[in-house]
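Please take a look at the structure shown here, with attention to its charged side chains and to the way its strands pair. The paragraphs after it treat these two topics in turn.

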Amino acid sequence: MAPTEVLKNARNDDFFTLAGLVLVRQRPGTASGVVFVTIEDEHGIANLVVWPRVFEAHRRIVMGSRLLGVRGRVQREGLVIHLVAEQLWDWSVELDSIADIDEFHLTRGRGDEVRTDPGDRRVPTHLPVPEANATRHRARKGPPAKPAYDRSRIHLDRPKIKIASRDFH
């Protein structure tokens with residue numbers, strides 16, 4: 001399985017197997033039944049071309065998958081790079097298994113820190129705000145902000161939510 005970034009240096013007719021989250025499915029009326037799918041992995045995006053013959057053989061997978069595996073050949077024209085799908089897999093069940101992981105070990109990155117002093121020293125955001133910058137962090141007058149969700153209504157024993165894919169005509 002290759003990351004999507006391999007397409008940047010790929011040549012015409014190179015053969016790759018990729019996987020990614022489905023971002024977009026398009027079937028323009030002017031495209032003679034060709035379906036265009038955009039997938040994304042942690043390295044970037046890949047544009048897939050699914051010809052009508054392949055679409056009919058993999059219709060349920062193309063229409064319903066959230067995590068899509070694809071094997072195909074590279075088609076380049078200038079800066080435009082497509083992967084012409086020959087075989088497709090629905091790996092959406094792998095997304096559902098993420099909920100079964102007992103705990104996540106999140107690491108902090110540079111984006112999790114803020115600059116708070118003139119010495120350009122980085123201080124983690126979970127520390128108190130220095131007094132010099134406290135005025136811009138004071139609450140504004142007005143009604144208190146509503147929480148994004150009510151934590152008391154969260155039930156961890158509820159069944160997993162599955163998001164259905166949108167269909168096009």
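The side chains of Arg-60 and Asp-90 meet in a salt bridge, with 3.6 Å from N to O; the term stands for a side-chain nitrogen of Lys or Arg within 4 Å of a carboxyl oxygen of Asp or Glu. This pair links distant parts of the chain, since Arg-60 belongs to helix α2 (residues 59-64) and Asp-90 to strand β5 (residues 80-90), 30 residues apart. Helices (H or I, at least four residues) and strands (E, at least two) are DSSP runs, numbered from the N terminus. Arg-60 is exposed, at a relative accessible area of 60%, whereas Asp-90 is partly exposed, at 26%; here buried means under 20% relative accessible area, exposed over 50%, and partly exposed in between, with a 1.4 Å probe and protein chains only.

The model is a predicted one, in which local features need pLDDT of at least 70 and side-chain atom pairs count only at pLDDT 80 or more, while totals for chains, interfaces and linings use all residues. Residues are numbered from 1 along each chain as its sequence is written, and side-chain values use heavy atoms, with hydrogens and water left out.

How many salt bridges does the rule give? The count comes to 3. One of them joins Arg-73 to Glu-86, whose closest N and O atoms are 3.4 Å apart. As a general point, side chains of opposite charge can pair when their charged atoms come close.

Strand β2 (residues 35-41) and strand β3 (residues 44-50) run antiparallel and are joined by 7 bridges, and the two form a hairpin with 2 residues between them. Within this pairing, Val-37 has Leu-48 in β3 as its bridge partner. Which residue of β5 is the bridge partner of Leu-48? That partner is Leu-83, and β3 and β5, which run parallel, are joined by 2 bridges.

Notes:
Two strands pair if DSSP finds at least two bridges between them.
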